[in-house]
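Welcome! Here is a short briefing to read alongside the structure.

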Amino acid sequence: MTKFISAVLSIFLLLSIPPMLQSSKIFPYDFKIEVLDNGLKVVSIPLDNPHIISHYIIIRSGSRNEIEPGKSGFAHFFEHMMFKGTKDMPKEAYDDFLTKLGAGTNGYTTDDYTCYFVVFAGRENLEEVIKTEADRFINLYYDEEMLKTEAPVIEGEYYASVSSPGRRLFETLRDKAYVKHSYKHTTLGYLKDILDMPNQYEYSQLFKKRFYAPDNTILLVAGDYDHDRLMEYVHRYYSGWEKSNYALVTPEEPPQTTAKRAHYDWPSKTLPQLVIGFHGPAYSDEKIDKAALDLLAETSFSRSSPLYQKLVIEEQKCLSFNASFADRRDPYLLTFNATLKDEEDLSYVEQEIFKELERLKKEPVSEELLAEIKSNLKYSFASALGTTDGIASVLAQYINLTTDPGTVNKLFDLFEKVTPEDIQNMCQKYFKKTNSTVVTLSGGNTK
Amino acid sequence: MRNQTKFFLTGLLVLIIAFANFSCSQASPDKLKCELIPREGNPLISFRILLHIGSVNDPAGKEGLCALTLSMMASGGSQSLTYKEIQKKFYPMATYIGLSVEKEMSVFTGTVHADNLEKYYAIFKDVLLDPGFREDDFTRIKTNQLNFLERTLVSNMDEQFGKEILNLLMYEGQPYGHHEAGTLESLAKLTLADIRAFYAEHFLQGNITIGIIGGYPSDFPDKVMEDFSALPEGHTPPISLPEQRMPRGIEIVIAEKNTPATAMSMGFPVSLSKADDDYFALWIAVSHFGEHRQHLSLLFQKIREERGQNYGDYAYADHFIQGRRKFPAQNHCRQQQYFSIWIRPLKNSNRHFALRQALFELKKLVEEGIPEERFEMTRTYLLNYTRLYAQTLGEILGWKMDSRYYGYKDFLAEVQRRLPKITHEDVNRAIKKYLNYENIYIALITQDAKSFKNALVNNTPSPITYAGPKPEEILEEDKVYQVFPLDVKPENVRIAQATSFFQKTGVPEK
């Protein structure tokens with residue numbers, strides 16, 4: 001018996017051998033896409049990796065969907081409510097099911113989507129997982145009292161993050177930079193809206209009806225299973241889910257025409273921080289803008305860039321320094337973020353970033369540097385695909401943007417086409433002073 | 001003759017194989033050890049260079065020296081390349097050198113694609129065997145370490161800060177009793193000469209286990225072992241640790257700061273580790289009581305799910321560091337272990353209630369044990385959940401190396417073998433033997449510390465209020481929690497300003 005268990009474990013521990021980088025496609029795995037009549041999209045990636053199955057449900061609703069006043073943070077709050085069970089399988093039974101399964105499970109909410117994952121061992125458990133999760137998404141049930149109990153947990157989560165200056169810095173940036181669009185607030189939401197969550201039972205039902213529907217959902221499964229069997233289960237358990245047909249219209253953000261600034265006074269001694277945000281483009285695997293900007297972030301602001309080396313390694317003014325151009329469905333911020341040692345250097349570092357952006361508008365980056373960046377992106381992506389769950393979790397981030405898993409390969413093809421001139425053009429297009437918002441944070445005596 | 005030749009060649013082959021493996025099964029404590037896991041065809045290779053040294057090897061007055069020395073390698077240059085040049089070379093390979101420094105174990109980590117193995121290893125090797133120890137790297141890294149203690153840990157990381165205070169309190173005056181990063185006082189005095197001396201004293205073959213996993217060429221490990229054999233033979237004798245000091249009653253330290261939320265960590269030493277038979281039984285009990293970030297946790301159910309007080313509440317049978325996702329990290333093994341409870345920040349008005357609640361539930365666990373159905377469920381959970389522990393190459397290698405430390409061939413396989421044999425009685429016996437609720441260290445970060453101290457000492461009732469109606473059974477339970485007496489003696493509650501921590505070793509006086 002012991003030998004048998006050891007043998008099973010040995011097989012289980014074998015990793016897949018991804019044919020990455022030899023393939024012309026950055027995402028080398030075959031995937032199958034099927035759409036049910038009710039609009040539920042299923043992306044299936046059967047793998048040779050033994051034993052493990054990753055089951056992801058992606059609801060294309062995040063804080064971006066919180067377009068009504070007083071409702072900031074609601075997508076995240078609703079993620080919590082999704083763990084309350086159904087009439088057939090109340091919360092306690094659902095928890096027991098996951099416990100016995102020994103699954104790695106959780107949910108997370110982003111600006112654009114909310115994701116629920118169950119990572120488990122054993123293809124014999126697949127049907128039960130599909131059945132249980134379908135029941136949860138179709139028949140979620142909670143009463144007002146359960147909502148009132150869960151709402152203060154969000155307040156607790158807010159308090160858990162309250163000692164993080166970085167969170168306050170980005171909250172301030174988004175609030176200042178956006179006027180209309182729901183990217184104005186973070187996924188956690190404003191404290192005043194969090195405190196009002198216990199009173200939002202009726203709105204929560206409306207939120208569910210609008211967004212927790214098959215035509216707003218992608219089911220992503222990767223790992224050790226038979227695709228036909230998967231689809232048999234999906235049809236069996238998900239066909240009764242009714243469409244929503246709700247079309248969200250996010251408010252259009254007007255162009256920013258004057259430079260903005262804000263300062264956050266931290267109540268105790270902390271390291272000073274700086275963030276500069278510019279309104280940028282939405283994610284696209286067709287238009288060159290975002291791809292070129294992604295490469296710019298790497299060529300000119302990554303750890304190997306001259307500016308990073310100057311500010312962090314040589315002059316040692318900054319402890320950390322980076323650029324982040326996140327992928328979002330709607331136009332989002334291109335941000336430059338630094339943590340400094342001395343408050344007096346805040347304006348110097350700010351000037352250095354603007355100076356570098358001005359230089360990049362005039363001087364194209366070298367072809368050699370661009371090749372190094374493309375190499376980095378390929379190897380970074382390949383490293384992330386080392387496990388079944390690595391494959392599923394990486395793909396979930398892309399799949400929410402366009403609903404097409406092929407977008408990863410399209411994006412990397414686009415990276416290949418980006419030229420130094422493209423990067424220069426995008427610098428000129430987006431990095432205008434009038435399009436910028438600068439936020440600083442400091443507190444106590446800094447040295 | 002032909003047969004003799006064949007016999008001779010076979011014998012030679014056996015000898016070659018034996019020699020090739022000899023280095024991994026070294027009997028001498030003064031020579032290199034290794035852990036090799038080939039995965040033919042896998043495009044990635046992961047390294048773990050495990051050092052059997054940590055912050056316990058910091059000389060008195062030079063706390064933080066081990067972390068600073070190893071950081072000078074992971075985040076500094078080699079003799080032939082500056083840190084800037086290394087970053088430039090690593091960048092196209094999308095790789096780096098990671099470092100973790102703990103009490104008695106430290107580890108350098110790295111993962112690289114097979115295309116870049118040679119280029120990466122050349123730098124990795126130089127950084128470890130021929131470190132640059134330059135003045136500008138020293139200034140930068142030391143300042144980072146100082147800033148982490150003074151402005152990040154104390155100011156911005158209350159959850160971690162609480163865990164570190166618990167460590168200071170639990171190991172006061174002992175080799176574990178300082179933060180791995182040191183103190184502001186000790187760091188200020190450290191010099192490059194100290195770094196060089198620490199490296200010369202401890203970077204010895206016998207202190208190192210070379211771990212490699214992935215699709216490496218078959219002759220690669222021999223090359224690595226040969227390179228690292230250039231280090232002097234020898235080893236640092238394991239520190240002889242004093243007996244762990246059990247708390248006398250409830251011993252509390254409050255770090256005071258302006259904050260809307262209170263962070264709590266509490267615990268006490270336990271005299272067992274993963275190497276012990278009893279560990280598996282205690283693990284089931286503690287997993288039931290507070291499995292890390294899982295609904296299974298009883299504390300999570302009581303404090304968060306039923307009452308919505310905070311984001312989560314957990315307990316640990318031994319030192320726990322979160323790795324990928326919510327799984328445990330590896331390579332922080334140590335001789336002495338402790339049981340702990342982590343209550344995530346909750347609003348100050350609920351701090352007394354939640355503290356009482358956690359200790360009441362601990363008392364109940366100690367006195368009543370774990371219910372039969374929860375025992376069965378938790379055991380099933382652990383059997384299945386631990387099958388997910390080792391997924392990445394680094395995790396597989398890390399668990400294998402930890403297995404060696406605890407005396408197993410494969411700890412995760414041992415879990416599958418041992419857990420089914422554990423009985424309900426074993427678990428309840430382990431609870432009685434290792435856990436208690438009367439002698440416990442408690443670390444708190446909160447405001448109005450004096451008024452909290454008074455409330456604790458006087459056992460002032462601490463009722464809780466809710467935004468909406470609650471079931472009768474919860475309200476009845478609350479009536480018990482809110483007056484649950486804690487035997488807190490005024491002389492056992494110390495209050496210090498949060499900013500005064502980590503200035504010197506130990507718990508600050510004010």
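The largest nonpolar core holds 262 residues, and Ile58(A), Leu220(A) and Ala285(B) have the most contacts inside it. Helix H10 of chain B, spanning residues 277-290, gives the most to this core, namely nine residues. Please keep in mind that this is a predicted model.

**Around the core**

- Ala285(B), one of the core residues with the most contacts, is in contact with Ile370(B), Val427(B), Ala430(B) and Ile431(B) once its neighbours within four places in sequence are left aside.
- Ile58(A), also among the core residues with the most contacts, stands opposite Ile218(A) in E6(A).

**The six-stranded sheet of chain A**

- In chain A, six strands make up an open sheet with mixed pairing, and their order is E1-E2-E6-E3-E5-E4.
- Strand E1 (32-35) and strand E4 (104-109) of chain A are at the edges with a single partner strand each, so one side of each has no neighbour in the sheet.
- From one strand to the next, the twist averages 15 degrees.
- Strand E3 (residues 52-59) and strand E6 (residues 217-223) of chain A run antiparallel and are joined by seven bridges.
- Helix H4 of chain A (residues 126-139) packs on the sheet, where it touches E3 and E5 of chain A. The direction of H4 makes about 15 degrees with that of E3(A).

**Where the chains meet**

- The contact between the chains involves 61 residues of chain A and 66 residues of chain B.
- On the chain A side, at least two residues each come from several elements, including helix H1 (2-13), helix H3 (91-101), strand E5 (114-121), strand E8 (270-279) and helix H13 (367-384).
- Which helix supplies the largest share of the side of chain A that touches chain B? That is H5(A), with 12 residues.
- Sorted by class, this side of chain A has 27 nonpolar, 21 polar and 13 charged residues.

**Chain A as a whole**

- Chain A contains 16 helices and 11 strands.
- A compact globule of 447 residues would have a radius of gyration near 22 Å, so the 23 Å of chain A agrees with that.
- Along the principal axes, the C-alpha atoms of chain A fill a box of roughly 65 × 55 × 45 Å.
- Of the 447 residues in chain A, 48% count as buried.
- Among the contacts in chain A with a separation of 6 or more, 83% are between residues 24 or more positions apart.

Key. Residues numbered from 1 in each chain as written. Chains lettered and ligands numbered in written order. Predicted model: local features only at pLDDT ≥ 70, side-chain atom pairs only at ≥ 80, totals over all residues. Contact = placed C-beta atoms within 7 Å. Helix = DSSP H or I, 4+ residues; strand = E, 2+ residues; numbered from the N terminus. Nonpolar A, V, L, I, M, F, W, Y, C, P; charged D, E, K, R; others polar. Pairing = 2+ DSSP bridges. Axes fitted to C-alpha atoms, helices over the stretch in contact; angles between N-to-C directions. Core = buried A, V, L, I, M, F, W, Y, C linked by C-beta atoms within 7 Å. Buried ≥ 20, exposed ≤ 12 C-beta atoms within 10 Å, placed from the backbone. Rg over C-alpha atoms; globule rule 2.2 N^0.38 Å.
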